[in-house]
Amino acid sequence: MNTPTLETERLILRKFTENDIEAIYQIYSNEEVNKFLPWFPLRSIEEARLFFEERYASKYAQPQAYAYAVCLKKDNIPIGYVNVDMEEHHDFGYGLRKEFWHQGIMYQLNFDERKDRVYKKYWDNSNIHFVETDI
């Protein structure tokens, strides 16, 4: 299955479409929102269009993927993204436009404080490591 639409009380999680290029630009152009991503923030609508083709349209052509646009139900316009990588490490990533932070839309906690959940290959491939300690 590839990115089935999901709905909550406040949100729609769905595939990005070509109609979402402006929203993709708004999400991925903010340096603070994308601080921990392995690429630079988008600088133009054309980069957003290419990003959609390379990062989303190509994933949607695969048999299985989970690459979501996070939309408020009231207008179905993307305000963020959620991606679950289907490769060995099953990386989980998300981001929201800054004006939607601190509204209880998305969060992640490690309640049992286990440190053995880090995917070692991914950790070793990057010189930059971010671990939240003040939760």
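User: In this predicted model, which elements do the buried residues of α1 pack against?

Analyst: The buried residues of α1 pack against α2 (45–60) and β4 (78–84), and in this predicted model the buried residues of that helix, which spans residues 21–28, are I21, A23, I24, I27 and Y28.

User: How should I read the spacing of those buried residues, and where do they fall when seen down the axis of α1?

Analyst: The general idea is that an α-helix has 3.6 residues a turn, so residues three or four places apart point the same way. In this case the buried residues of α1 fall within an arc of 160° seen down its axis, so they line one face of the helix.

User: What does a search of the whole structure find in the way of aromatic pairs?

Analyst: The search finds five aromatic pairs. One of them joins F16 and Y56, a tilted pair at 4.4 Å centre to centre with 55° between the planes; because F16 lies in the loop between β2 and α1 and Y56 in helix α2, the pair ties together parts that are 40 residues apart in sequence. Y28 of helix α1 and F51 of helix α2, 23 residues apart, are also linked, again as a tilted pair, with 4.4 Å between centres and 50° between the planes, and both Y28 and F51 are buried.

User: Is R14 buried or exposed, and which side chain does its own side chain contact?

Analyst: R14, in strand β2, counts as buried because its relative accessibility is 11%. Its side chain makes a polar contact with the side chain of D20 at 2.8 Å, while a polar atom of the R14 side chain lies 2.9 Å from the backbone oxygen of N76.

Notes. Residues are numbered from 1 along each chain as its sequence is written. This is a predicted model: local features need pLDDT of at least 70, side-chain atom pairs count only at pLDDT 80 or more; totals for chains, interfaces and linings use all residues. Side-chain values use heavy atoms; hydrogens and water are left out. Helices (H or I, at least four residues) and strands (E, at least two) are DSSP runs, numbered from the N terminus. Buried means under 20% relative accessible area, exposed over 50%, partly exposed in between (1.4 Å probe, protein chains only). A polar contact is a pair of N or O atoms within 3.5 Å; within protein, one must be able to donate a hydrogen and the other to accept it, and residues adjacent in sequence count only if both atoms are side-chain atoms. The arc is that of the directions from the helix axis to the C-beta atoms. Contact means heavy atoms within 4.5 Å. Rings of Phe, Tyr and Trp (its six-membered ring) pair if their centres lie within 6.5 Å; planes under 30 degrees apart count as stacked, over 60 as edge-to-face and the rest as tilted.
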